[in-house]
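Hi everyone, thanks for coming.

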Amino acid sequence: MPENEPLQNQNIKNNPKIMKAWALYDWANSVYSLVITSTIFPIYYSILTTASEKTEYVKETGQWITVPVRHLITIFGKEYQPDAIYGYSLTISFLIVVLLSPFLSSLADTIGNKKSFLQFFCYLGATSCMGLAMFTGMQNVFLGLLFSITASVGFWGSLVFYNSFLPDIATPDKQDALSAKGYVYGYLGSVVLVIICLVLIQVFAKDAEQAKMYTRISFLLTGAWWFGFSQYTFKHLPQFGNIKEQLPKDLVLLNYKNIFEKHEESGGIFEVLKDNIKFYIDVAKQSFKELFKVGNTLFKDHNLKFFLSSFFFYSVGMQTIFLMATLFGKSEINLEQDRLILTLLVIQIEAIIGAVLFSKLSRRIGNKNVISIAIILWIVACLSAYFLNKENPNVEYQFYAVAAIIGLVMGGLQAMSRSTYSKLLPENSMDNTTYFSFYDVLEKIAIIIGTFIFATMIDKYHNMRFSALSMSVFFLVGLILIRFLKLKTDKQKNSI
């Protein structure tokens with residue numbers, strides 16, 4: 001059977017092997033989320049951008065505390081806090097994804113190679129993780145930020161195509177469980193790799209310089225893990241796309257080997273290139289028209305309108321806090337590296353429990369109520385983070401309590417969001433990549449706004465507590481909007 005045969009002619013719905021292959025991509029790529037986004041790289045970045053440490057006496061507690069003194073990063077003659085620059089770099093990466101994903105999603109649907117684009121972004125992210133090993137200090141801090149940006153583009157760009165496979169390969173009654181299963185695989189895989197990296201850094205390293213060396217090795221391992229385990233997914237996941245007619249005879253920009261052909265039958269290489277460029281420009285124009293068209297279509301549906309609006313607002317808070325949590329623990333609480341990483345590992349384990357728990361709870365009380373509970377807990381976490389004070393002798397334990405709340409709801413809300421949206425979409429649609437591209441663009445715009453606000457407040461107030469407080473406002477708006485979702489009573493679907 002041809003690989004590009006339309007979806008309805010292939011027996012891929014609820015196929016155990018295909019669903020397992022899909023879920024295992026979470027096992028492959030989630031190491032980026034934990035190693036690069038959440039634990040080792042942010043701590044490594046904080047260490048390399050710290051000039052020295054000083055001690056300050058706190059009258060209220062009668063204790064001396066250690067306070068880091070950070071290198072300032074100069075851009076166009078202005079000095080910035082390094083944590084603010086890190087936040088701005090994430091903003092740039094998500095802006096790139098927002099600009100690219102509609103065009104690439106449309107291109108994937110046009111030429112029927114959704115899986116190929118998933119592979120491209122996977123390999124971009126994996127090689128960028130390896131590239132972070134070249135970041136060694138302030139003298140090449142911009143190289144580290146560059147690879148951080150391209151790794152982020154690779155990770156989030158791949159999720160556009162990865163998530164869009166969910167309604168293609170599973171019926172609505174299976175989507176909650178499969179979505180949660182993917183997150184569980186992801187959390188488990190990332191925990192395994194982080195433990196391996198920690199053994200290298202904490203056990204094998206004899207001094208601080210060796211610890212930095214093993215940290216860079218950890219970046220190499222992360223890229224290799226992502227690249228290697230994704231091969232199982234690419235082997236078994238179908239190449240799905242509704243192939244259109246009137247394609248250029250040779251897509252030279254997607255197949256570099258064609259560039260070296262003479263193309264005599266098509267008028268020569270320059271004629272083929274001209275034909276290709278016109279084709280890509282037309283796809284770009286059509287993709288953004290389609291994005292706005294899809295947005296208008298989706299927002300005409302009552303449930304999708306309120307779900308997507310709620311999703312946008314709580315994603316501002318959820319994704320921003322997830323991205324900046326480690327720097328918060330390092331910079332605001334000055335938590336020791338081993339304790340901070342241990343805390344983040346516990347969060348990952350909690351997230352596994354949360355993803356499974358929320359999936360099962362949704363069968364009893366519905367997705368809307370489960371999402372509402374998760375958002376309320378996020379608000380509690382944001383308010384609690386604002387009141388954390390490093391001068392308080394119990395601040396470390398208070399930080400652990402906040403981390404425990406975040407760990408429980410992080411996996412649950414992510415899994416429920418993906419599956420709820422999937423269940424609200426029209427069944428057996430050939431436009432799932434475009435639908436999930438819109439979902440992804442909406443999420444990335446939320447992250448752009450969130451990381452920009454977070455970074456700006458760091459730059460203005462020189463701490464992250466006000467940044468955390470601002471995120472609670474977005475969660476509150478998301479909570480109000482999700483309550484307008486109307487419950488479905490269709491016995492063929494799980495209750496929304």
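Before we start, one term: a residue is called buried when its relative accessible area is under 20%. Please also keep in mind that this is a predicted model.

With that cut-off, have a look at lysine 444. Its relative accessible area is 0%, so lysine 444 counts as buried. What does it pair with? Lysine 444 makes a salt bridge with glutamate 443, and their closest N and O atoms are 2.8 Å apart. Glutamate 443 is buried too, at 9%. Asp440 joins Glu443 and Lys444 in a network of salt bridges.

Now let's zoom out. The chain has 496 residues, and 57% of them count as buried. You can find 15 helices and four strands in it. The largest nonpolar core contains 152 residues, and Trp226, Phe307 and Tyr421 have the most contacts inside it. Helix 10, residues 302-331, gives the most to this core, with 14 residues.

Back to charges: how many salt bridges does the structure hold? There are seven. One of them joins aspartate 83 and arginine 70, with the closest N and O atoms 3.1 Å apart. Aspartate 83 sits in helix 3 and arginine 70 in strand 2, so this pair ties together parts 13 residues apart in sequence.

Another links arginine 339 to glutamate 396, at 2.8 Å between the closest N and O atoms. Here helix 11 and helix 13 are involved, so the parts tied together are 57 residues apart in sequence. Arginine 339 is partly exposed at 39%, while glutamate 396 is buried at 19%.

Terms used:
Residues numbered from 1 in each chain as written. Predicted model: local features only at pLDDT ≥ 70, side-chain atom pairs only at ≥ 80, totals over all residues. Heavy atoms only, no water. Core = buried A, V, L, I, M, F, W, Y, C linked by side-chain atoms within 4.5 Å. Buried < 20%, exposed > 50% of the residue type's maximum accessible area, 1.4 Å probe, protein only. Helix = DSSP H or I, 4+ residues; strand = E, 2+ residues; numbered from the N terminus. Salt bridge = Lys/Arg side-chain N within 4 Å of Asp/Glu carboxyl O.
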